[in-house]
Number of protein chains: 2
Amino acid sequence: MAHSDDKHNLRTYGWECLSTDYPYTYPMFRVRQDQVRWPDGHLAPYAYVQGTDAVWIVPITVDRQVVLIRQLRYTIADWCWEVPAGGFHDFTGTPLELAKRELAEEIGGTSDNWLYVGSFRPGVSIIDQVCHIILARDVRLDREPRREPGEIIEVHLVSVERALEMARNGEMVDGTSALALLRCEPYLQSQGRLS
Amino acid sequence: MAHSDDKHNLRTYGWECLSTDYPYTYPMFRVRQDQVRWPDGHLAPYAYVQGTDAVWIVPITVDRQVVLIRQLRYTIADWCWEVPAGGFHDFTGTPLELAKRELAEEIGGTSDNWLYVGSFRPGVSIIDQVCHIILARDVRLDREPRREPGEIIEVHLVSVERALEMARNGEMVDGTSALALLRCEPYLQSQGRLS
């Protein structure tokens, strides 16, 4: 496999990537394994997960309720509080276009009032994914969800205050959803009272 | 490989795990690939990352500064604002014991005032890792850090208010660090003024 040295700017600090391989590939992520000269001079592999980028949507209705989902997650074999989200593994448009699709598919939601809030990385020690946060205001639940096989989802409306509390106290176990909500807090407060 | 059916409680909802394999293993994570009957009846693999659990430490000095680190991360080939953290891949004690070790190793810090804040999962769609959050108060930077090869780290003291701002506005790109800080906010406020 040809080696494209996208790590060249690490050389200043003593890292050198000698070769790159992808020993495992799945639609939503792959494992990248580099043969590396570490800053102290020893040679050893450095492996991490390359995840497809994804969007997290914080949907607020016109009467200031947050639309949360409760989803059965195979990874943890349990239900999990989240906000709607989706990845670019089967989509080639912009984050906003993906957010519109996922809002419709997961909760049957539409909106004409979107705000791109920002992005974060879910865990820079082992994964290079980028997570986009998009706030959808004046959301209407006026369509039938069109969920994929394996998406077992309940839809719940809670106050802005309650959703932020769940993000902050850990009831919302999914950290990406919790951070998306907390990153939206300044925009939620600027609209008026919290609940 | 023997198949231990830890997904049995998914059967109620139509999932069935038929076999389990681990096609890639690295010290900090492995890939688990299950052969699965999905809720709509079709057979297909479901793969996800099993990451070793880890702790994120929010260190506050006696004069209410947050000790942040700026770390060169191989995964993204860039510097990244974070709080000290470490995984259980080479440690068998409790989260608090690991937090004490990492605080000492990464920033040369010690504390006698620890609080276990809670936990979260960094991304339930593709990884089953658990992240523990531990607040260390009255931190003293009175030791020499003992960093591992590859840990290229700067130590920066910022006000509580500034650290929370960085977590909330996205300057702190690492989502696990940002969420750890925001989850600690109620404890930081209850001690008095923010900065």
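Helices (H or I, at least four residues) and strands (E, at least two) are DSSP runs, numbered from the N terminus. Welcome to a short tour of a predicted model, in which local features need pLDDT of at least 70, side-chain atom pairs count only at pLDDT 80 or more, and totals for chains, interfaces and linings use all residues. Residues are numbered from 1 along each chain as its sequence is written, chains are lettered from A and ligands numbered from 1 in the order in which they are written, and side-chain values use heavy atoms, with hydrogens and water left out.

**Chain A as a whole**

- Chain A contains three helices and eleven strands, and from the N terminus on its elements follow the order β-β-β-β-β-β-β-α-β-β-β-β-α-α.
- The C-alpha trace of chain A spans about 60 × 35 × 30 Å along its principal axes.
- Of the 195 residues in chain A, 56% are buried (buried means under 20% relative accessible area, exposed over 50%, and partly exposed in between, with a 1.4 Å probe and protein chains only).
- Among the contacts in chain A with a separation of 6 or more, 57% are between residues 24 or more positions apart; contact here means heavy atoms within 4.5 Å.

**The interface between the two chains**

- On the chain B side, 60 residues are in contact with 60 residues of chain A.
- The area buried between chain B and chain A is about 5500 Å², and carbon and sulfur atoms give 67% of that area (buried area is the accessible area, with a 1.4 Å probe, that two parts lose on being put together, summed over both).
- In chain B, the residues that lose the most area to chain A are B:Y74, B:T75 and B:V124, together 16% of what that side buries.
- The rule finds 26 residue pairs in polar contact across this interface, both residues being at pLDDT 80 or more; a polar contact is a pair of N or O atoms within 3.5 Å, where within protein one must be able to donate a hydrogen and the other to accept it, and residues adjacent in sequence count only if both atoms are side-chain atoms.
- Elements of chain B that give two or more residues to the side touching chain A include β1 (16-26), β2 (29-37), α2 (160-169) and α3 (175-190).
- The largest share of that side, eight residues, comes from α3(B).
- By class, the chain B side has 37 nonpolar, eleven polar and twelve charged residues (Ala, Val, Leu, Ile, Met, Phe, Trp, Tyr, Cys and Pro count as nonpolar, Asp, Glu, Lys and Arg as charged, and the others, Gly among them, as polar).

**Salt bridges**

- Over all chains, the whole structure holds 26 salt bridges, each a side-chain nitrogen of Lys or Arg within 4 Å of a carboxyl oxygen of Asp or Glu.
- Two salt bridges are found across the interface of chain B and chain A.
- One of them pairs B:R168 with A:E185, with the closest N and O atoms 3.5 Å apart.
- B:E185 and A:R168 also form a salt bridge, their closest N and O atoms being 3.5 Å apart, and this pair runs from helix α3 of chain B to helix α2 (residues 160-169) of chain A.
- B:E185 is buried at 9% relative accessibility, and A:R168 is buried at 18%.
- Salt bridges that share partners join A:R168, A:E185, B:R168 and B:E185 into one network.
- Within chain A, A:R140 bridges to A:D112 with the closest N and O atoms 3.7 Å apart; A:R140 is in strand β10 and A:D112 in the loop between β8 (109-110) and β9, 28 residues apart.
- A:R140 is partly exposed at 36%, while A:D112 is exposed at 68%.

**Individual residues to look at**

- B:E105, in helix α1 (residues 95-107) of chain B, is buried yet has no salt bridge, and the nearest side chain of opposite charge, B:R101, is 4.0 Å away (Lys and Arg count as positive and Asp and Glu as negative; His and the chain ends are not counted).
- B:R101 does meet B:E102 in a salt bridge (3.0 Å, N to O), and B:E102 is buried at 3%.
- B:D138 is not a glycine but has a positive phi of about 55 degrees, and is partly exposed at 35%.
- B:A77, in the loop between β5 and β6 of chain B, has a positive phi near 50 degrees and is buried at 10%.
- A:P122 is buried at 8%, and its contacts beyond four places in sequence include B:P122 and B:T176.
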